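Q: Please take a close look at one residue and its surroundings. Then place that residue in the rest of the chain.

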Amino acid sequence: REACLATDSFVQEPCNFDVRRRRLTNRVACVNGSLPRIVPADPAEPRSVEALTAYAGEVREAAGLTALEPRSAVSDIDGFAPPDGCFLLALAGGDAVGCVGLQRVGPDAAEIKRMWVKPEHRGSGLSNRLLDEVEAQARDLGYSRLLLDTHRALTAAVRFYERHGYV
């Protein structure tokens, strides 16, 4: 799945004004403590490992991949390191409730990996915020293309990415 970051058309409808208003509203809510904060993080730190392990456990269960070890999600995290990548962690009360990684796959392209939101935070808009933030990070790092893949058994994830313009 791929989206182009080179033009304003990358930002999906509603218009840019609505996207900016939503981001500002989210930032105010974060300051007020009513929304999880999204922060850059080391993917090897304990809260990140906890989130990545939960992600892999859910993929294992949903896709029936019994051979997949949940801790395998932390085996290839080096690509998330700056200057070519990043790892973002969503925190609520100090606990990890979401994450997403970005790693370079070519001179102008990066891949979104390991996007996860804790089940009790789904439906809150956190996944939209994580995607917005990782896309902004990709632009800041100079990438003009974003790629991602997801297992077809993760139907909610497939629908989410399709709604956001990834085809």
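A: A residue counts as buried under 20% relative accessible area, as exposed over 50%, and as partly exposed in between (1.4 Å probe, protein chains only). By that rule, 38% of the 167 residues of the chain are buried. The model is predicted, so local features need pLDDT of at least 70 and side-chain atom pairs count only at pLDDT 80 or more, while totals for chains, interfaces and linings use all residues. Residues are numbered from 1 along each chain as its sequence is written, and side-chain values use heavy atoms, with hydrogens and water left out.

Now take Cys99. Cys99 sits in strand 4, residues 95-104. Helices (H or I, at least four residues) and strands (E, at least two) are DSSP runs, numbered from the N terminus. Is Cys99 buried or exposed? Its relative accessible area is 0%, so Cys99 is buried.

Who surrounds Cys99? Contact means heavy atoms within 4.5 Å. Beyond its neighbours within four places in sequence, Cys99 touches Ala51, Leu52, Phe87, Leu88, Leu89, Arg114, Met115, Trp116 and Leu130. Look at Leu52. Leu52 and Cys99 are 47 residues apart along the chain, yet their C-alpha atoms are separated by 7.5 Å. Across the chain, 62% of the contacts with a separation of 6 or more join residues 24 or more positions apart.

Arg114 deserves a stop. Arg114 belongs to strand 5. With a relative accessible area of 12%, Arg114 counts as buried. Most residues other than glycine have a negative phi. Arg114 is not a glycine, but its phi is positive, about 60°.

Helix 2 (46-63), strand 5 (109-117), helix 3 (126-140) and helix 4 (155-163) each supply at least two lining residues.

Next, the cores. A nonpolar core is a set of buried Ala, Val, Leu, Ile, Met, Phe, Trp, Tyr and Cys residues joined through side-chain atoms within 4.5 Å. The largest has 21 residues, and Leu102, Ile112 and Val134 have the most contacts inside it. Strand 3 (86-92), strand 4, strand 5, helix 3, strand 6 (145-148) and helix 4 each give two or more residues to this core. Helix 3 gives the most, with five. Where is Cys99? Cys99 is in another core, apart from that one, of 14 residues, which also includes Leu52, Ile77 and Phe80.

Finally, step back to the whole chain. The chain has four helices and six strands. Along the sequence, they follow the pattern β-α-β-α-β-β-β-α-β-α. Most peptide bonds are trans. The bond joining Pro82 and Pro83 is cis, with omega about 10°. Pro83 lies in the loop between helix 2 and strand 3.
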